[in-house]
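Subject: Handover of a structure

Dear colleague,

Please find the structure below, together with its sequence. My notes on what was found in it follow, and I would ask you to read them with the structure open.

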Amino acid sequence: MIVFEQVTKRYRPDEAALAEVSFHVEQGELVLITGPSGAGKTTLLRLITREVVATGGRVVVDGVELGRLRPGRVQALRRRMGIVFQDFRLLPRYTVEENVALVLRALGWPPARRRERVARVLEWVGLAHKAEEWPPALSGGEQQRVAIARALAPEPRLLLADEPTGNLDAGRSREILELLRQAHARGTTVLLATHDEALIAAAGGRRLHLVDGRLVP
Amino acid sequence: MRLLAEALRAAVLDLLRRPLGALLATAAMTVAMCLLALFLALGTGARGLYERWSDQAALELFLSRGAPPDAVLRLAEELRGAPGVARVDVIDPDRALAEFEEAFPDLGDVAGLLGENPFGGSIRVVPARADASTVKALAERGKASGIVESVRWDREWIGALARIGRLIGGFLGIGALVLVGAALVTVGAVVRLALDDKRDEVALLRLCGAPLAFVLAPVLIEGALLGALGAGVGLLVARIVRVAALEETVGTPLEGLVHLLLGPGVPAPWIGGLFLAGVLAGMLAAALAAGRAALR
């Protein structure tokens, strides 16, 4: 599903955010990207979404080599992914339901199928009763559940979660982890970047540990 | 078409969901466009006034008695084709007498007293601009024809008109340029600020794989709507102010001046152009607001 071969990413010539990182992730795996702040976890995820391009090495996602990917094909690749952010990134002027539906609308889902899917994912994250609410009226945990619903609504093959529990207490973090594990159990490949030790201990799955941009055992 | 309809719906919904922001943006653009429209209305009036004065800057080529009619017509045609000429009228002796009698009715029937019409024919040339060198060149051309006995033109009046023309032209040109620029920058800046938070939405949708058209269309439409709203209301307010000024000054000492300057109003094509410029400025600002996030 994901192949990193000797991948290096430099934002500045004298400093590597990632240095010669190599790993494979199989379809359907749950992989934790761990390491302290500034270790390169977010850069690794941004390379997969092709927000940034590797300075050296090879990144392959779902059979597509990103270094050779034409700009016009980037969106097609991203449609196979769902992304969850630490700061949720919900749009405050859209209701919960609209936040989830917006992505499906962007991907061209017909209205009837869209409505059905939004209802189903909101039901799944336990927020069907808050579909008409505005994001600022929700708790942090609820907002992150909406963000997960939004990420998983288009049924992506790959879910990337960047510190999804970074702004949540322990109880809410467990809820979020449970949702991510459920998504994994349904066959979605999950890459979870975190430095939350409790989450790492509870999550299971394979662990890739980064320190100063390098993978360490 | 469906994409456009959805984008329009999304843009309108977005504006309605933050009415205060849209209202403040519209108010700022209204002030800028209103000032610009009123300035252009004043400019149009001043220009009309100048053209009326310029009409009086004619030079009169008095023809020799017995000048052959075909030579007179030839000279008139030649002058019509000369650069800087707005109008050429051939005045025959009868018309000259009629104009005299109209201008000086107290002098009665001059021709009757003298037994014959004392006026000869003339050619009246109205220059396009009150420019002393152009008028002088036309006078020289007339004299060189051999059928012109004398030429009359008011050198001082034409010189003064030329200076007034330059002053009005310079003032209007610079003023219009500054105000057009200020109005468009205001529209652009206000729209950009109003849509600044769209950047997060655009970036998020792009990360989810949304096509560029889907992401940009609502933002551009929203910018165009804001621009249209600001320009439209601004132009409407300017019209209301102009009409009110015309009505309120009737019967007051200011009536003549106000009607002279504000009476003609801004020509319709200019109003259309200003409205369109507002819409385009709004769209451009919206595109800037979406910025690089859309292209990522």
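The largest nonpolar core holds 113 residues, and the members that touch the most others are A:Val100, A:Ala149, B:Met33 and B:Ala37. Helix α9 of chain B, residues 212-248, supplies the largest share of this core, with 12 residues. Please bear in mind throughout that this is a predicted model. As general background, nonpolar side chains in soluble globular proteins tend to be buried together.

Leaving aside neighbours within four places in sequence, B:Met33 is in contact with B:Ala183, B:Gly230, B:Ala231, B:Gly234, B:Leu235, B:Leu274 and B:Gly278.

Chain B as a whole may be described next. Its secondary structure comes to 11 helices and 4 strands. Chain B has 296 residues, of which 32% count as buried. If one takes the contacts in chain B between residues at least 6 apart in sequence, 86% of them join residues at least 24 apart.

Because 9 of its 11 residues are buried, α3(A) is largely enclosed by the rest of the structure. Those buried residues are A:Val96, A:Glu97, A:Asn99, A:Val100, A:Ala101, A:Leu102, A:Val103, A:Leu104 and A:Ala106. A:Val100 was named above among the core residues that touch the most other members. Against which helices do the buried residues of α3(A) pack? They pack against α4 (111-124) and α5 (140-152) of chain A, and also against α8 and α9 of chain B. After α3(A) comes A:Gly108, which has a positive phi, near 85°.

The contact between the two chains takes 12 residues from chain A and 14 residues from chain B. On the side of chain B that touches chain A, the elements giving two or more residues are α1 (2-17) and α8 (198-207) of chain B. Of these, α8(B) gives the most, with 5 residues. By class, this side of chain B has 7 nonpolar, 6 charged and 1 polar residues.

Chain A also contains an open sheet of 4 strands, in the order β2-β1-β4-β5, with antiparallel pairing. Its edge strands are β2 and β5 (64-65) of chain A, each of which pairs on one side only. The pairings can be followed across the sheet:

- β1(A), residues 2-12, and β2(A), residues 15-25, are antiparallel and share 7 bridges. They form a hairpin with 2 residues between them, and A:Val3 stands opposite A:His24 in β2(A).
- β1(A) also pairs with β4(A), residues 56-61, in the antiparallel sense over 5 bridges. Here A:Thr8 has A:Gly56 as its bridge partner.
- β4(A) and β5(A) run antiparallel and are joined by 2 bridges. In this pair A:Val60 stands opposite A:Glu65.

Helix α1 of chain A, residues 41-48, packs on this sheet and touches β1, β2 and β4 of chain A. The direction of this helix makes about 115° with that of β1(A).

With kind regards

How values were computed:
Residues numbered from 1 in each chain as written. Chains lettered and ligands numbered in written order. Predicted model: local features only at pLDDT ≥ 70, side-chain atom pairs only at ≥ 80, totals over all residues. Core = buried A, V, L, I, M, F, W, Y, C linked by C-beta atoms within 7 Å. Buried ≥ 20, exposed ≤ 12 C-beta atoms within 10 Å, placed from the backbone. Contact = placed C-beta atoms within 7 Å. Nonpolar A, V, L, I, M, F, W, Y, C, P; charged D, E, K, R; others polar. Pairing = 2+ DSSP bridges. Axes fitted to C-alpha atoms, helices over the stretch in contact; angles between N-to-C directions.
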